[in-house]
Amino acid sequence: TFQGTTIDPKVSVNATKGGLIAANWPIPSNASIGTYTINITSTLNVTRKNPPDIQSFMVPGFYINITTRNLAREIVPNVAVQVFEDKKSVVNATSTSKGLVQMKLEIGNYTCRAFYKGEKVSESSINVTKADWLDFDCNLTNLKILVIAVVDGVEIGVPEAKIYLTRENKTVITDINGTAVAHSLLPNYSYVLNASRYDMPPFNTTNIQQLPTKDWVNITIICPTVKLEAYVTDGQKQPIAEELMVRVQELMGGLYYQNNTLNGTAVINCAIGRYKIEVYGKRANNYLKLNETTVNLFEETQIPMVCKIYGLNMSIKVIDYFGQLIPNVNVELQRENLQYPPSESNGLVTFNNIIGGDMRITVYLSGQSNPCVTLTSFVDSSKVIEIKLEKYVVLAGFLVETSSLTTA
């Protein structure tokens with residue numbers, strides 16, 4: 001029995017002539033550590049002895065938990081751990097995803113060896129005297145890769161760069177800061193790093209002849225930069241003399257550049273990649289988008305940006321039921337967060353040098369605070385927009401409702 005529970009069926013045996021009672025109870029490999037009790041009784045309940053035939057014995061040992069770690073003290077899964085006692089293997093186990101190997105060992109001295117990807121990465125001795133948690137340090141190195149682009153003399157981390165390690169047959173990708181880490185590499189081997197972006201051919205190949213046996217190895221890779229020239233013109237394809245802002249944002253995010261135009265041209269140096277280019281004009285302290293496009297920048301590129309909605313002249317004509325101009329009306333023009341100053345007219349008002357797009361037009365009649373008409377129109381050229389108020393008729397200089405005129 002163990003802790004009051006029978007661990008094997010009872011066995012009936014006969015004593016030999018020499019008085020020997022022989023029975024085999026093989027201790028299973030998963031037997032609990034602790035004290036076991038053997039009790040021998042007569043099946044006929046004839047023999048009564050004092051003291052009874054009872055004896056206890058102990059399966060000695062303790063639970064040992066080993067955590068496999070690399071030289072940077074990070075846990076390492078899939079490490080094969082072998083434990084030997086007097087050169088005899090007693091444990092063969094593989095560390096879990098948490099780097100843990102659990103085993104039961106008796107009191108004594110043991111030799112532990114660790115293997116990673118078929119290579120021995122550690123060997124040490126342990127002395128078991130009690131239950132314990134142990135760290136098993138393996139000769140595995142972390143490789144930290146920093147990909148930077150030098151733009152106008154400033155180093156910028158390049159995100160989303162793919163680094164392919166040939167010996168490991170694995171790919172790591174840089175984060176928003178341009179950093180990627182290849183964890184737990186076997187030292188003293190050569191590695192080749194191929195760096196690329198957007199699945200284009202590698203822009204850099206770095207050879208490591210022999211990876212040092214240390215916790216961290218740092219490598220810096222330079223990403224090439226290219227020059228982008230944006231030529232900004234109006235609808236007539238004439239360079240825009242006004243200073244405009246050109247923004248360049250990488251499609252995957254992370255990299256961002258900006259410059260102002262000079263005589264319609266903006267020059268920006270960028271790390272290779274794919275970008276969205278936007279052109280903005282300024283009106284009343286608000287930047288309004290004039291145009292946008294996308295471009296692949298893997299070599300020096302010149303790109304025209306035609307801003308058809310820039311510098312337009314827009315006229316709004318307010319007429320009555322019969323097409324007559326309605327005098328003394330107020331017209332407001334709005335675009336996004338920009339509101340052009342209201343203008344009072346005798347039925348025709350003109351807004352000069354505006355930036356087109358989706359324009360909201362609001363018309364107020366003389367002496368009224370509530371709008372008479374509100375509508376939205378997309379403006380991409382200089383033109384006249386006619387707004388007809390069929391509800392009204394201009395009669396002898398006065399505004400009369402059409403229904404009242406009809407009744408009269």
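Is K276 buried, partly exposed or exposed? K276 is partly exposed, with a relative accessible area of 28%. Those words have cut-offs: buried is under 20% relative accessible area, exposed is over 50%, and partly exposed is in between, using a 1.4 Å probe and protein chains only.

Before going on, some ground rules. This is a predicted model, where local features need pLDDT of at least 70 and side-chain atom pairs count only at pLDDT 80 or more, while totals for chains, interfaces and linings use all residues. Residues are numbered from 1 along each chain as its sequence is written, and side-chain values use heavy atoms, with hydrogens and water left out.

Side chains of opposite charge can pair when their charged atoms come close. We call it a salt bridge when a side-chain nitrogen of Lys or Arg is within 4 Å of a carboxyl oxygen of Asp or Glu. The structure holds 15 salt bridges.

K276 is in one of them. Its partner is E278, and the closest N and O atoms are 3.5 Å apart. E278 is buried, at 8% relative accessible area. E278 also forms a salt bridge with K289, where the closest N and O atoms are 3.1 Å apart. K289 sits in strand β23 (residues 286-297) and E278 in strand β22 (residues 273-283), so this pair ties together parts that are 11 residues apart in sequence. K289 is partly exposed, with a relative accessible area of 28%.

A word on the labels. Helices (H or I, at least four residues) and strands (E, at least two) are DSSP runs, numbered from the N terminus.

Next pair: D199 and K162. They form a salt bridge, with the closest N and O atoms 3.1 Å apart. This one links distant parts of the chain, 37 residues apart. D199 is in the loop between β15 (191-196) and β16 (204-208), and K162 is in strand β12 (residues 162-165). D199 is exposed, at 63% relative accessible area. K162 is partly exposed, at 32%.

There is also a network. R69, R73, D135 and D137 are linked in it by salt bridges.

Now follow the chain past β12. T166 lies in the loop between β12 and β13 (170-173). T166 counts as partly exposed, at 33% relative accessibility. What does T166 touch, leaving aside neighbours within four places in sequence? T166 is in contact with Y191, V192 and N194. Contact here means heavy atoms within 4.5 Å. T166 and N194 are 28 residues apart along the chain, yet their C-alpha atoms are separated by 7.9 Å.

On to sheets. Two strands pair if DSSP finds at least two bridges between them.

Take the first example. Here 3 strands form an open sheet in the order β21-β18-β24, with mixed pairing.

β25 and β28 pair in the antiparallel sense over 5 bridges. I316 stands opposite V349 in β28.

Look at S315, in strand β25 (residues 312-319). S315 is buried, with a relative accessible area of 13%. Not counting residues up to four places away in sequence, S315 touches L348, V349, T350, K383, V384 and I385. The side chains of S315 and T350 are joined by a polar contact of 2.8 Å. A polar contact is a pair of N or O atoms within 3.5 Å; within protein, one must be able to donate a hydrogen and the other to accept it, and residues adjacent in sequence count only if both atoms are side-chain atoms.

Last item: cysteines. A disulfide is a pair of cysteine sulfur atoms within 2.5 Å. A search of the whole structure finds 0 disulfides. For C112, the nearest cysteine sulfur is that of C138, 11 Å away. C112 counts as buried, at 1% relative accessibility.
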